[in-house]
Amino acid sequence: MLLSQLSAAASPLTQEQVQKLQGLVAELNPIQQAWVSGYLAANANSAAVGVGTQAAAVEAAPLTILYGSQTGNAKAVASQLKAQAESRGLKVKLVNMADYKTSALKKEKFLAIAVSTYGEGEPPEDAEALHEFLASKKAPKLAGVKVAVIGLGDTSYEFFCQTAKDFEQRLTNLGADVVYQRAELDVDYEELATQWIAGALDVFEPELKSQQDAGTNVVNMSASVAATTSLYTKQNPFAAELSVVQKITGRDSTKDVRHVEISLDGSDIRYLPGDSLGVYFLNDEALVDEVLELLAIADDTKVTVAGESITVRDALIEKLELTQSYPGFVEKYAQATNNAQLKALVEDKAALREYIEARQIFDVIKQNPAAIDAQSLVDCCRKLQARLYSIASSQAEVEDEVHLTVGLVEFDAFGEKHFGGCSGYLANRAQEGAKVKVFSEHNDNFRLPANDETPVIMVGPGTGIAPFRSFLQERDAREAAGENWLFFGNPHFTQDFLYQVEIQGYVKSGLLNKVDLAFSRDQAEKIYVQDRLREKGEEVFAWLEKGAHFYVCGDATRMAKDVHQALIDIIKAHGGKDDEQAEQYLKDLRSQNRYQKDVY
């Protein structure tokens, strides 16, 4: 059995042993993983791989698949590509970009890239180092290397699939040959990804097979280990019971944060601290009815969505995206309604971005009513996408439950109160006991250290506290001896100290060795978590020097960047390094999986 196929159900190991093994493998590079695989196989008198045998020795001209994934979608596509290639008898090497040794580039012959884009055209965390390396003078010439790139993104963002474009351009600049057209896939990507995979493999297959020795036995080592293989996935979610939705900010808080508990009883869903939960939601029925009335569409009109016949009302409530705006909807709606103003807007990309930023799809329709038939309206919309939330619990403590920390998205626009799609559903409309469709999304780039004696520093302001609640529950259940240091911030101590009683309990028990709080509005000068980090800079650096893992969760746009800069300043001040050396220090931490981010 491959390590990537480990599951609690199939494994003779205990759940704790599985988790420790998963943590260890996540910290190893592919060569180290291959050595461990060989060592274990040799001890079991297996002929698969001998001790010390390197993966490269048994992999003649493989298709190397590199993935960079922020939420798991690019990893899923890469895994699908691997499975399809293996079903054709092709040799494959699947590697997370974070684990890929750049020295191996000059040995590659066939290369497939699956990568997402987040933020303002930025690469995902695990793709940063390779993305930067390919643009550096150290990058090798890649003449003759066959390349295909598939990008995943979201057209609601300006720099759609920019990272995929970057990778293809940089590989081309190094002399590689692009043998199959780059795919740029939106959030509803599954069908197009399957088509691209088939087309790319049709191109790769003839030359791959001609170079491969049919008699060679190949051991494929996935670069990371999933918690389990569940029956329930993004495409086949589990209908779970919503047990608890409890507001955990004060009456006078400027924020509305809910603690959510969902029962997984009856499912095989397993998750690890650091994973996320995908949650499907229902659109607001009142707003759907308002739109249908405005467009003079009967709510029981039958339409077809993904091959399914359904009433237009049910389709708009259950199946289609109506809150998160994106350019594709405006473009299709403008054409379907022959709206000259919207057509002109579509031609001005900057103006279109500004337009959709202030509006939900509900607003676009309500502000531009027109004669349109039910099927045409449905065809303008894309499939509803699950929202991902960092899991705020450990199954070692809560067993067949999963907990979330959900900040309600709400804002006023055009004289009306607006709510986020999923957060609005969970906070305002879903009743306790209701069924919600969920699936677990594994995040192997945000894991507790395998060694329970390793110290950890956790920086999680606001709802960024969520995964660290799971970390603390897990370390408590495992009686981990490693020290734990939490940095938490929010506007006000009395209104916004999320999970205050639990955190105080962990301090009292000794599990939490240090807690530093930053309540930004409780004094004249605003204080944030990055300020607390600088204040404790000497000790933070001392923890890093003794092997601590450093974690950040929360806002990617400002907080995570400010924390990164604070770390640079701390390393310079207390490590005697300049800017370049401090950046390299953090890069080294990241390559060792000791500096990890879960940002959004």
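The model is a predicted one, and in it Val-187 belongs to the loop that runs between β5 (177–185) and α7. Once the neighbours within four places in sequence are set aside, the contacts of Val-187 are with Gly-153, Asp-154, Lys-234, Arg-382 and Gln-385.

A further relation in space involves Leu-384, which is 197 residues from Val-187 in sequence, while the C-alpha atoms of the two residues are 9.1 Å apart. Arg-382, one of the contacts of Val-187, also lies over the face of Tyr-326, at a distance of 3.9 Å from the ring centre.

## Two further buried loop residues

Glu-125 is placed in the loop between β3 and α5 (128–134), and with a relative accessible area of 11% this residue is buried. Apart from neighbours within four places in sequence, Glu-125 is in contact with Gln-70, Tyr-118, Arg-590, Lys-597 and Val-599.

Gly-250 sits in the loop that connects β6 (238–247) and β7 (257–263), and its relative accessible area of 17% makes it buried as well. In sequence, Gly-250 and His-492 are separated by 242 residues, whereas in space their C-alpha atoms are 9.5 Å apart.

## Asparagines with positive phi

Asn-338 is a residue other than glycine whose phi is positive, with a value near 55°. Asn-338 lies in the loop between α10 and α11, and with a relative accessible area of 56% it is exposed.

Asn-593 likewise is not a glycine and has a positive phi, of about 60°. The loop that holds Asn-593 runs between α23 (579–591) and β20 (595–599); here the relative accessibility is 12%, so Asn-593 counts as buried.

## Packing of α10 with α11

The loop that contains Asn-338 is the one between α10 and α11, and these two helices, which cover residues 327–337 and residues 340–347 respectively, pack at an angle of about 145° with their axes 8 Å apart. The crossing in which α10 passes α11 is left-handed. On the side of α10 the contact is made by Val-330, Glu-331, Tyr-333, Ala-334 and Gln-335, and on the side of α11 by Leu-342, Lys-343 and Val-346. By residue class, this contact is made up of 5 nonpolar, 1 polar and 2 charged residues.

## Aromatic pairs and a charge over a ring

How many aromatic pairs does the count come to? The total is 20 aromatic pairs. One of them joins Phe-110 and Phe-204, whose ring centres are 6.3 Å apart and whose planes stand at 85°, so the pair is edge-to-face. Because Phe-110 lies in strand β3 (residues 110–116) and Phe-204 in helix α7 (residues 190–211), this pair ties together parts of the chain that are 94 residues apart in sequence. Phe-110 and Phe-204 are both buried.

For Trp-485 and Trp-543 the ring centres are 5.1 Å apart and the planes are at 65°, which is over the 60 degrees required, and the pair is therefore edge-to-face. This pair also links distant parts of the chain, with Trp-485 in strand β17 (residues 484–490) and Trp-543 in helix α21 (residues 537–545), 58 residues apart. Trp-485 counts as buried at 0% relative accessibility, and Trp-543 counts as buried at 4%. The ring of Trp-485 also has the charged end of Lys-514 sitting over it, 5.0 Å from its centre. Elsewhere, ring pairs connect Phe-446, Phe-468, Phe-471 and Tyr-551 into a cluster.

## The chain as a whole

The protein contains 23 helices and 20 strands, and 54% of its 600 residues count as buried. When contacts between residues at least 6 apart in sequence are considered, 77% of them join residues at least 24 apart.

Technical notes
Residues numbered from 1 in each chain as written. Predicted model: local features only at pLDDT ≥ 70, side-chain atom pairs only at ≥ 80, totals over all residues. Heavy atoms only, no water. Axes fitted to C-alpha atoms, helices over the stretch in contact; angles between N-to-C directions. Helix = DSSP H or I, 4+ residues; strand = E, 2+ residues; numbered from the N terminus. Left-handed = near helix turned anticlockwise from the far one by under 90°. Contact = heavy atoms within 4.5 Å. Nonpolar A, V, L, I, M, F, W, Y, C, P; charged D, E, K, R; others polar. Phe/Tyr/Trp six-rings, centres within 6.5 Å; stacked < 30°, edge-to-face > 60°. Buried < 20%, exposed > 50% of the residue type's maximum accessible area, 1.4 Å probe, protein only. Lys NZ or Arg CZ within 6 Å of the ring centre and 35° of its normal.
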